[in-house]
Amino acid sequence: MTTTHVIRVDSPIGRIEVVGTADAVTGLAIERDGALPHDGLPESDLPLLIEASRQLEEYFAGERTGFYLPLELHGTPFQRAVWSELRRLDWGQAVSYGALAEAVGRPGSARAIGGAVGANPVPIIVGCHRVLASDGRITGYSGGEGVPTKVWLLGHERIGFAA
C-alpha cells in the first residue's frame with residue numbers, strides 16, 4: 001500500500017492540497033466548501049512537495065508563470081493526450097474546447113474534451129482553467145468553488161473571457 005503524502009498551501013482561491021510521492025506530483029485539489037480530500041492527513045516534508053508548495057506560492061504572488069515539477073498523471077490515453085496539450089499552453093494563453101479537440105486528433109469531440117479537462121488531476125499546474133468555449137465563454141470548472149475559481153485564475157493570468 002502506497003502512503004499518501006500531502007502538503008497544503010493557502011491561496012487567494014482557498015487552501016490547496018498537493019499530493020505526491022518522492023518522485024512526482026500526482027494530484028492537486030482546491031478547497032471546496034472549506035474541505036480538502038485529505039484534510040485528516042498530516043503534512044509531509046518531502047522535498048518535492050515543498051518545492052511544489054513554493055512554486056504555487058510564487059504563482060499566486062504573480063512571481064511565477066510556469067511550473068517545473070515532475071508529474072505522474074493517471075488517466076486514459078485520451079485524457080493523457082488532452083492533459084499533454086494543456087501543458088503546452090503558457091501563462092496567459094487560452095484555448096477553446098474545439099481547438100483542443102483538433103490538437104489531439106479528435107475534431108468534433110469538444111464534449112469529450114470537456115470531460116478530460118474536468119478530470120485533470122493537477123489543476124493550475126496543468127492549466128485546465130485556460131480552456132474556454134469557442135466564443136470565449138466560461139462553461140464550467142470542476143476545481144474549488146467552480147466558476148468563481150476559474151474567473152479568479154483567468155483574471156490572475158489576464159486571460160479575457162466573454163460574460
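**A walk through salt bridges, a pocket and a core**

Okay, let's start with Glu51, which is partly exposed, with a relative accessible area of 25%. Before I go on, please keep in mind that this is a predicted model.

So, which residue does Glu51 pair with in a salt bridge? The partner is Arg54, and the closest N and O atoms of the two are 2.5 Å apart. Both residues sit in helix H1, three residues apart, so about one helical turn separates them. Arg54 is partly exposed too, at 35% relative accessibility.

Now stay on Arg54 for a moment. Arg54 also forms a salt bridge with Glu58, and here the closest N and O atoms are 2.4 Å apart. Again we're inside helix H1: Glu58 and Arg54 are four residues apart, which means a separation of about one helical turn. Is Glu58 buried or exposed? Glu58 is buried, at a relative accessible area of 19%, and the cut-off for buried is under 20%. Elsewhere, salt bridges that share partners link Arg8, Arg15, Glu17, Glu31, Asp39 and Glu43 in one network.

If you're wondering about the general idea, side chains of opposite charge can pair when their charged atoms come close.

Asp39 and Arg8 meet through their side chains in a salt bridge, at 3.8 Å from N to O. Asp39 is in the loop between strand S3 (25-30) and helix H1 (47-60), while Arg8 is in strand S1 (residues 5-9), so this pair ties together parts that lie 31 residues apart in sequence. As for how covered they are, Arg8 counts as buried at 16% relative accessibility, whereas Asp39 is partly exposed at 34%. And how many salt bridges are there in the count? The count comes to eleven.

On to the inside. In soluble globular proteins, nonpolar side chains tend to be buried together. Here, the largest nonpolar core has 38 residues, and Ile16, Leu86 and Ile124 have the most contacts inside it. The elements that give two or more residues to this core include S1, strand S2 (16-20), helix H2 (77-88) and helix H4 (110-118). Which element gives the most? That's H1, with six residues.

Setting aside neighbours within four places in sequence, Leu86 is in contact with Leu100, Val117, Val126, Gly127, Cys128 and Val131.

Val131 comes up again when we look at Ser96. With neighbours within four places in sequence left out, Ser96 is in contact with Val131, Leu132, Ala133 and Ser134. You'll find Ser96 in strand S4 (residues 95-96), and Ser96 is buried, with a relative accessible area of 18%.

Last stop, the largest pocket. Its volume is about 250 Å³. The pocket is lined by 16 residues, and those closest to its centre are Gly66, Phe67, Arg87, Leu89 and Ile125. What classes of residue make up that lining? There are ten nonpolar residues, three polar and three charged.

To wrap up, here's what I'd look for on screen: Arg54 with its salt-bridge partners Glu51 and Glu58, then the Asp39 and Arg8 pair, and finally Leu86 in the largest nonpolar core. Thanks, everyone.

Note on methods. Residues are numbered from 1 along each chain as its sequence is written. This is a predicted model: local features need pLDDT of at least 70, side-chain atom pairs count only at pLDDT 80 or more; totals for chains, interfaces and linings use all residues. Side-chain values use heavy atoms; hydrogens and water are left out. Buried means under 20% relative accessible area, exposed over 50%, partly exposed in between (1.4 Å probe, protein chains only). Contact means heavy atoms within 4.5 Å. A salt bridge is a side-chain nitrogen of Lys or Arg within 4 Å of a carboxyl oxygen of Asp or Glu. On a 1 Å grid over the protein atoms alone, a cavity is a set of points where a 1.4 Å probe fits but cannot get out, and a pocket is an open set with protein on both sides within 12 Å along at least five of seven lines; lining residues have an atom within 4 Å of a point. Grid points are joined across faces, edges and corners, and a volume is the space filled by probe spheres set on the points. Ala, Val, Leu, Ile, Met, Phe, Trp, Tyr, Cys and Pro count as nonpolar, Asp, Glu, Lys and Arg as charged, and the others, Gly among them, as polar. A nonpolar core is a set of buried Ala, Val, Leu, Ile, Met, Phe, Trp, Tyr and Cys residues joined through side-chain atoms within 4.5 Å.
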